[in-house]
Amino acid sequence: MSVAKVTEITSSSTVSFEDAIKTGIARADKTLDNVAGAWIQEQKVVVSAGKIVEYRVNMKVTFVLKD
């Protein structure tokens, strides 16, 4: 039997939502051991002069605790 914990993070990218997700997961994996998955809770964009300049995601990252 395993036990998991969930932490909430926000990540951003000037490229795309997908890039923001990949960046957030990569960063979480540097700090957290045994990252098992993520739930994308919210997506937002920052607009300047009528153009999207940043993509942001709020996600819940699940990681399995060691025995």
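Predicted model: local features only at pLDDT ≥ 70, side-chain atom pairs only at ≥ 80, totals over all residues.
I began at S13: a polar atom of its side chain lies 3.5 Å from the backbone nitrogen of S16. The S13 side chain also reaches the backbone nitrogen of V15, at 2.9 Å.

Residues are numbered from 1 along each chain as its sequence is written, and side-chain values use heavy atoms, with hydrogens and water left out.

**More on S13**

I placed S13 in strand β1, residues 4-13. Strands (E, at least two residues) and helices (H or I, at least four) are DSSP runs, numbered from the N terminus. Is S13 buried or exposed? It is buried, with a relative accessible area of 6%. The cut-offs I used are under 20% for buried, over 50% for exposed and partly exposed in between, with a 1.4 Å probe and protein chains only. Skipping residues up to four places away in sequence, S13 touches D19, A20, E54 and Y55. Contact here means heavy atoms within 4.5 Å.

**Rings**

The ring centres of F17 and Y55 are 5.1 Å apart and the planes sit at 75°, so the pair is edge-to-face. This pair links distant parts of the chain, with F17 in helix α1 and Y55 in strand β3, 38 residues apart. Rings of Phe, Tyr and Trp (its six-membered ring) pair if their centres lie within 6.5 Å; planes under 30 degrees apart are stacked, over 60 edge-to-face, and the rest tilted. Y55 counts as buried at 18% relative accessibility, and F17 as partly exposed at 24%.

**Salt bridges**

How many salt bridges does the whole structure hold? I got 3, each needing a side-chain nitrogen of Lys or Arg within 4 Å of a carboxyl oxygen of Asp or Glu.

- E54, which S13 touches, bridges to R56, with the closest N and O atoms 2.8 Å apart. E54 is buried at 18%, whereas R56 is partly exposed at 37%.
- E18 bridges to K22 at 3.2 Å between the closest N and O atoms. They are 4 residues apart in helix α1, so about one helical turn separates them. Both E18 and K22 are exposed.
- K66 and D33 meet through their side chains, 3.3 Å from N to O. K66 sits in the segment after β3 and D33 in the loop between α1 and β2 (35-48), 33 residues apart, so this pair links distant parts of the chain. K66 is exposed at 60%, and D33 is partly exposed at 45%.

**The core**

Which residues make up the largest nonpolar core? I listed 7: A20, A28, L32, V57, M59, V61 and F63. Such a core is a set of buried Ala, Val, Leu, Ile, Met, Phe, Trp, Tyr and Cys residues joined through side-chain atoms within 4.5 Å. α1 (17-31) and β3 (51-64) each supply at least two of its residues, and β3 gives the largest share, 4 residues. I checked A28 too: leaving aside neighbours within four places in sequence, A28 is in contact with I9, V35 and V61.

Conventions. Polar contact = N/O pair within 3.5 Å; in protein donor to acceptor, adjacent residues only side chain to side chain.
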